[in-house]
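Subject: Structure handover

Hi,

Here is the structure for you to open alongside this note. What turned up in it is set out below.

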Amino acid sequence: MNCPKCNSFVQIDPPQHATNVAQPSPPSPPRVTLGDESIGSEAMTEAGMSVGDLPTESSDAAGDSGPLIAPPLASETSFESDEGALPETTSDSEMDSMASPGGVDPNELYQARRSGTSKSVAMWIVGSLLSVSVMAGLFIWFRQPDQTAGLPTTGPGLVSNTSDEPIEDVFANDSADSEADIESNGNDPAISPNVDVIDAGASVENAPDAVGTSADTAGGDPMSDGNTDSGALDAGGSDVPGVPNDLMPRSPLDGPPAVLGRDQPNAGPVTKPPSTESEPDPVMELPPEFAQFQILLEMPGQAPDAPPMSEAPVLEDVVLDIAADEFVDPMLIATPPEEVNIETALKMRLAVSTKGYPLSDLILFLGEATLIPIQLDWVSMDLADVDLRQPVATDSKGMTTIGQLLGRAARSAGLEIETEEDRLTLTLPMEMLQAKTKSLIELEDFGNERGSAEKLLDQLNAVVELEPRDALHLRCLTTESLRRLRQHEPLLSDDVMSRWSAAYTHQPTEKLVDDGLPPAWPVLSEGKSGSQLDTAIAMAGLLRRTSRINDATCVVNWNDAQRRRLSPGQLVMAYAGEAGNEVTAGEMLERVLDPMGLQVREVDSSHWWVGTSATYDRLPVVVRSEPLGPRRDDVLHRIRESARLVGASLAIEHDPVSDGFLAVMPRFLYRQLPKIIGPEL
């Protein structure tokens with residue numbers, strides 16, 4: 001039957017009063033192993049089941065079955081081998097004599113079984129922890145680069161491997177030797193192979209990286225931390241070398257692999273970025289066909305049509321505005337107009353009757369017909385007293401070429417035609433300009449002040465380096481401004497001076513100190529737009545038509561228009577509004593020209609100027625002021641400092657005769673003079 005305590009199979013002998021019948025003895029049962037102790041089932045049966053322990057009839061009647069005593073544990077020496085087993089014919093008396101006189105407590109047997117199971121679990125856990133520790137140490141060792149590569153190994157206990165045997169063969173020989181030792185010793189667990197057991201902490205501590213660091217090789221003794229196991233050395237007396245770092249697979253955490261010829265191999269476990277980044281390679285020069293599209297790569301992020309923003313400079317407690325930025329819509333550059341052959345275009349024939357046609361309007365018409373931009377030298381014509389709106393006659397009858405028509409109109413106004421690569425310019429010849437402006441630059445009317453006036457003008461004009469024609473323009477305007485500053489009789493008309501110079505009177509208000517002066521050439525906002533057109537019209541034709549309706553003449557800055565790839569024949573569709581709900585000329589032209597980055601500014605009641613806000617802000621203006629008083633040094637310093645902060649070109653001189661200043665500055669700086677100088681002069 002099975003024991004209710006240990007669940008072992010036991011044999012129960014009959015009672016003593018039973019008739020002894022000779023029965024063959026059963027075969028010896030197999031041994032039962034409980035925990036780490038060897039227990040024989042036969043011994044358990046003989047020792048635990050005696051006659052006195054079995055239940056009797058009297059005990060059954062009393063309801064007490066009596067204790068069931070488990071057999072004693074067998075001694076370690078009783079079952080050393082199979083030869084010590086009892087023979088099958090052992091009698092009951094012999095069994096009784098061999099059994100232990102005292103029984104074993106079942107609780108002790110249960111506790112012994114539980115302790116054996118706990119020992120097995122504990123050994124399995126300890127073995128798992130040791131395996132994980134060893135694997136972690138090996139992983140860390142393989143992950144670290146070989147810092148001793150190329151350096152001589154020094155220090156006690158370190159012997160370099162000078163054999164020519166490959167690394168793979170060394171590991172193969174070591175594993176083969178270990179297997180041979182185990183086979184020679186047999187399967188007896190009492191005899192362990194000739195392998196030293198190394199603790200997990202010692203394996204990491206004695207790893208090649210730990211020994212080969214700069215701190216250890218400099219002065220430390222690798223043998224001082226612990227005893228070096230002789231089993232770690234191979235048969236030749238040298239350490240088994242580790243796998244080189246360059247042969248190990250890279251970890252994904254290390255980043256991209258080094259590029260041959262650029263990145264250098266890592267000198268340590270972590271590669272630090274260079275202190276200074278190398279400059280990017282310069283952009284290769286693009287072919288002329290693709291160079292015009294390079295600006296597409298420099299578009300702003302969120303608003304491609306908006307100019308880039310920049311911080312405004314600060315002068316003490318005054319925030320200064322900077323000039324408008326030049327910006328060209330990439331879509332305009334991507335769709336350039338067709339190229340025009342000027343020589344071929346001027347040979348085109350047409351019949352025109354021009355009896356008293358305005359010069360500026362004729363120029364716009366010829367540009368529309370030939371698609372050639374024709375620039376007018378407005379400053380030279382103003383200084384030479386040549387009116388842009390003077391009527392010109394061509395004296396042509398019947399069909400004539402556009403070149404002949406343009407030449408006759410230019411000679412009628414006293415102008416000459418300068419041919420450039422992509423446009424024409426109508427200007428005064430240099431000799432004629434000098435002759436007509438000779439009286440303007442002479443200083444005879446200054447009398448005794450001529451010496452100081454000449455010195456002041458020379459200093460002022462020497463600061464600005466210009467072409468001969470532009471330098472002559474500046475000399476005429478500064479001389480006339482100084483003449484008005486010292487209250488002499490002017491030689492130029494007020495209309496001309498109002499376009500290219502300004503008289504500054506310091507009468508600041510709270511609004512002027514905050515916003516500055518209004519622009520001298522405001523953007524066109526009023527005017528008549530004319531009737532609504534049914535078809536598209538050329539841009540030059542629209543400007544000519546609208547300005548004539550408003551009794552004005554329009555001058556186009558073709559430098560700005562050509563940077564935006566616009567030509568006089570660019571077709572536009574203007575919206576003038578419905579009958580009874582017409583829009584103004586300013587609104588109509590703004591809708592047409594704003595996508596192209598152009599504006600129409602009202603110079604005066606009879607002149608319009610077409611260009612960009614960036615060009616207008618940088619147009620120079622000659623400024624004369626009223627007497628400065630005791631703050632003269634502070635005022636001059638603040639103006640010079642403001643020009644330096646905003647990066648504007650400035651030429652300014654103090655006139656000791658009038659106590660005012662004479663300056664040449666851009667228009668955006670002139671607008672801010674009230675807040676630059678301050679509320680009090």
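Trp378 and Trp521 are both buried (under 20% relative accessible area with a 1.4 Å probe, protein chains only; over 50% is exposed, and in between is partly exposed). This is a predicted model, where local features need pLDDT of at least 70, side-chain atom pairs count only at pLDDT 80 or more, and totals for chains, interfaces and linings use all residues. Residues are numbered from 1 along each chain as its sequence is written, and side-chain values use heavy atoms, with hydrogens and water left out.

**Aromatic residues**

The whole structure holds 6 aromatic pairs. A pair here means rings of Phe, Tyr or Trp (its six-membered ring) with centres within 6.5 Å; planes under 30 degrees apart are stacked, over 60 edge-to-face, and the rest tilted. Trp378 and Trp521 make a tilted pair, 6.4 Å centre to centre with 35 degrees between the planes. The pair links distant parts of the chain, 143 residues apart: Trp378 is in helix 13 (residues 378–383), and Trp521 is in the loop between helix 20 (510–515) and strand 13 (537–538). Helices (H or I, at least four residues) and strands (E, at least two) are DSSP runs, numbered from the N terminus.

Trp521 also pairs with Trp609: the ring centres are 5.9 Å apart and the planes lie at 55 degrees, so this pair is tilted. Trp609 is in strand 19 (residues 607–611), so the pair ties together parts 88 residues apart in sequence. Trp609 is buried, as is Trp521. One aromatic cluster takes in Trp378, Trp500, Trp521, Trp609 and Tyr616.

Two arginines lie over rings of that cluster. The charged end of Arg601 sits over Tyr616, 4.1 Å from the ring centre. Arg667 lies over the face of Trp521, 4.7 Å from the ring centre. The test is NZ of Lys or CZ of Arg within 6 Å of the ring centre and within 35 degrees of the ring normal.

Pairing needs at least two DSSP bridges between two strands. Strand 14 and strand 19 pair in the parallel sense over 4 bridges. Val555 stands opposite Trp609.

**Cores**

The largest nonpolar core has 57 residues, and Leu415, Leu426 and Leu482 touch the most other members. Such a core is a set of buried Ala, Val, Leu, Ile, Met, Phe, Trp, Tyr and Cys residues joined through side-chain atoms within 4.5 Å. Apart from it lies another core of 28 residues, including Val621 and Ile676.

**Asp659**

Asp659 is in the loop between strand 21 (651–655) and strand 22 (660–666). Is Asp659 buried or exposed? Asp659 is buried, at a relative accessible area of 15%. Beyond four places in sequence, the residues in contact with Asp659 include Glu626, Arg632 and His654 (contact means heavy atoms within 4.5 Å). Gly629 is 30 residues from Asp659 in sequence, yet 7.1 Å away in space, C-alpha to C-alpha.

Best wishes
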